[in-house]
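Trainee: I've got a new model open and I'd like to learn how to read it. Can you walk me through it?

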Amino acid sequence: QLNTKNMKPDERASFMSGKRDELKELFGNGVWEFHHPDGTEDQNRILKAKWVLKWTKWEDGSPRAKARLVLQGFNDPDALDGKVKTSSPTVSRLGRLHCLQMAATKGWRTWQADVKTAFLQGRPQDRVLYAKLPKGAAELLGCDPRTLMRLIKPMYGQVDAPRKWYLRAVQALKSIGLQQHPLDPCILLS
């Protein structure tokens with residue numbers, strides 16, 4: 001975990017830009033909305049968020065300051081009580097090998113893709129959760145530091161974010177006519 005206090009001014013500025021980019025993604029994907037606390041909020045439903053900073057690379061190989069705002073989902077009251085489903089299937093080894101074998105046999109080209117901000121595009125929340133912004137985030141947003149963010153969709157760190165993304169992806173694929181294989185729910189067929 002990087003800390004901006006130990007960085008050079010130009011590195012710190014790069015991460016400030018990375019934080020702004022992350023906040024734009026959260027708003028752009030409709031993940032949350034401002035909530036001004038009125039004292040009626042269940043304090044157990046307020047989860048702290050923190051910045052996770054790391055150096056990655058742009059496509060040209062130059063350094064990129066990546067900032068991700070992550071919810072401390074391990075404090076989620078529904079997860080602690082076992083009331084939230086978190087399982088999210090992945091393709092089985094046999095299913096993956098079968099797909100590769102079919103592609104080789106039929107001469108198909110294979111490819112893979114990464115869905116940018118996938119977890120932020122999951123199914124909408126069906127419960128009430130708030131994010132408590134870390135120090136400095138409220139300043140970047142120009143709001144009162146006591147402001148909470150009411151979650152409308154999942155965000156990074158939320159225990160059911162992978163499941164909500166999986167359900168959203170399957171829903172989208174089924175809407176274009178694909179069907180899940182009965183033996184492997186991660187393989188969709190036309």
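This is a predicted model: local features need pLDDT of at least 70, side-chain atom pairs count only at pLDDT 80 or more; totals for chains, interfaces and linings use all residues.

Trainee: How far apart are the end C-alpha atoms of helix 5?

Mentor: Helices here are DSSP runs of H or I, at least four residues, and strands are runs of E, at least two, both numbered from the N terminus. The expected span is 1.5 Å times one less than the number of residues. Helix 5 (residues 161-175) has 15 residues and should span 21 Å; its end C-alpha atoms are 21 Å apart, so the two agree. Just after helix 5, G177 has a positive phi of about 100°.

Trainee: Which residues of helix 5 are buried?

Mentor: Buried means under 20% relative accessible area, exposed over 50%, partly exposed in between (1.4 Å probe, protein chains only). In helix 5 the buried ones are A161, R163, K164, Y166, A169 and V170. Strand 6 (179-180) is among what covers them.

Trainee: Is R45 buried or exposed?

Mentor: R45 is buried, at 19% relative accessible area. R45 sits in the loop between strand 1 (32-35) and strand 2 (46-57).

Trainee: What does the side chain of R45 make a polar contact with?

Mentor: A polar contact is a pair of N or O atoms within 3.5 Å; within protein, one must be able to donate a hydrogen and the other to accept it, and residues adjacent in sequence count only if both atoms are side-chain atoms. The R45 side chain makes one with the side chain of D78 (2.7 Å).

Terms used: Residues are numbered from 1 along each chain as its sequence is written. Side-chain values use heavy atoms; hydrogens and water are left out. Contact means heavy atoms within 4.5 Å.
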